[in-house]
Amino acid sequence: MKVAVNYHRDSNAALQTVAEIQSNKGDAKAFFASVADVNGCEKLVSSVKKEFGTPTVLICNAGIASRGLSVAETSEQEITKLFTTHTLSAHVLCRLLISDMRTAKRADIVMISCANARKNIANGAPYNMAKAALEALAMTLAKEEREHGIRVNVVVPGLVRTEMGKRLMRARAGIMNIGDLDDTSPFEHVCDPDEVGNVVKFLVSEENTYMTGTRIVCDGGGTIDNNWY
């Protein structure tokens, strides 16, 4: 197993991820690049292909939060920033890799969305719009690439115990310790990144022989409970 770990700001987290993969007998390397920039995407793809060859699995999970403003208060610059990071980056990476991925016996693309893409919570238009567009990209790709053996699916977490999730809770709810939400969360804990990763792992594994164009929600039932996060 060879894994390319992309990072922009947090090199320590990337190196920790690489170390964990290597400890499980995998081959991994961290690659610095901002996918919010077309040149950054091109640099990343070139570096990864040079190191590992053409990827057969692409996970699009780059993301940033919006500022929590109403539509009336939101600038065009924020809309552009969110779309560029969440959606354009995924489009560019797919465009750069798909022709080579088509030559593989099996290839997979997984887009990481968010439950808010369907809930459309107030004061989150840039984020909601960007994730909805990401899902549209995935479903379009699933139709276009099925004949080439590429499976394209979407995984939809709710609140996850990540740095972004922690910042979100601080900004929107004044919750400084995300663990304080464990008692009121499904299954008595906030979703762990591994729980989302396990869904992705299945989708890109040989166990998934027939699923493409699917949208799998991994939020502990938060969607059916209509929880705002």
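Which residues point one way from β4, and which the other way? Ala107, Ile109 and Met111 point one way, and Asp108, Val110 and Ile112 the other way. All of them are buried, which here means under 20% relative accessible area, with exposed being over 50% and partly exposed in between (1.4 Å probe, protein chains only).

This is a predicted model, in which local features need pLDDT of at least 70, side-chain atom pairs count only at pLDDT 80 or more, and totals for chains, interfaces and linings use all residues. Residues are numbered from 1 along each chain as its sequence is written, and side-chain values use heavy atoms, with hydrogens and water left out.

Stay with β4. Six of its six residues are buried, so the strand is largely enclosed by the rest of the structure. Strands (E, at least two residues) and helices (H or I, at least four) are DSSP runs, numbered from the N terminus. β4 pairs with β3 in the parallel sense, over four bridges. Two strands pair if DSSP finds at least two bridges between them. In this pairing, Val57 stands opposite Asp108 of β4.

Asp108 also has a charged partner. Arg106 forms a salt bridge with Asp108, and their closest N and O atoms are 2.7 Å apart. A salt bridge is a side-chain nitrogen of Lys or Arg within 4 Å of a carboxyl oxygen of Asp or Glu. Arg106 counts as buried because its relative accessibility is 15%. Asp108 is buried too, with a relative accessible area of 2%.

The structure holds eight salt bridges. Another of them joins the side chains of Arg118 and Glu135, at 3.4 Å from N to O. Arg118 lies in helix α4 (residues 116-119) and Glu135 in helix α5 (residues 125-145), so the pair ties together parts that are 17 residues apart in sequence. Arg118 counts as exposed, at 56% relative accessibility. Glu135 is buried, with a relative accessible area of 5%.

Arg161 and Asp182 form a further salt bridge, with closest N and O atoms 2.8 Å apart. This pair links distant parts of the chain. Arg161 is in the loop between β5 and α6 (163-173), Asp182 is in the loop between α6 and α7, and the two are 21 residues apart. Arg161 is partly exposed, with a relative accessible area of 26%. Asp182 counts as buried, at 18% relative accessibility. Salt bridges can also share partners: Arg118, Glu135 and Arg215 are joined in this way into one network.

Now turn to helix α7 (residues 193-203). Its buried residues are Val196, Val199, Val200 and Leu203. They cover an arc of only 95 degrees around the axis, which puts them on the same side of α7. The arc is that of the directions from the helix axis to the C-beta atoms. An α-helix has 3.6 residues a turn, so residues three or four places apart point the same way. What covers the buried residues of α7 includes β3 (57-60), β4 (107-112), β5 (150-157) and β6 (215-218). The face turned away from the buried side carries the exposed residues Asp194 and Lys201. At the start of α7, a side-chain oxygen of Asp192 reaches to within 2.9 Å of the backbone nitrogen of Asp194.

Next comes Asp219, in the loop between β6 and α8 (222-225). Is Asp219 buried or exposed? Asp219 is buried, yet has no salt bridge. The nearest side chain of opposite charge is Lys119, 4.8 Å away. A polar atom of the Asp219 side chain lies 3.1 Å from the backbone nitrogen of Gly221. Asp219 touches Ala115, Val156, Pro157, Gly158 and Pro186, not counting residues up to four places away in sequence. Contact means heavy atoms within 4.5 Å.

Thr87 is found in helix α3. It is buried, with a relative accessible area of 11%. Leaving out residues up to four places away in sequence, Thr87 touches Leu82, Ala130, Ala133, Leu134 and Leu137. Thr103 sits in the loop between α3 (76-101) and β4. Thr103 counts as exposed, at 68% relative accessibility. A polar atom of the Thr103 side chain lies 2.6 Å from the backbone oxygen of Asp100. The C-alpha atoms of Thr103 and Thr54 are separated by 9.7 Å, with the two residues 49 apart along the chain.

Methods. A polar contact is a pair of N or O atoms within 3.5 Å; within protein, one must be able to donate a hydrogen and the other to accept it, and residues adjacent in sequence count only if both atoms are side-chain atoms. Lys and Arg count as positive and Asp and Glu as negative; His and the chain ends are not counted.
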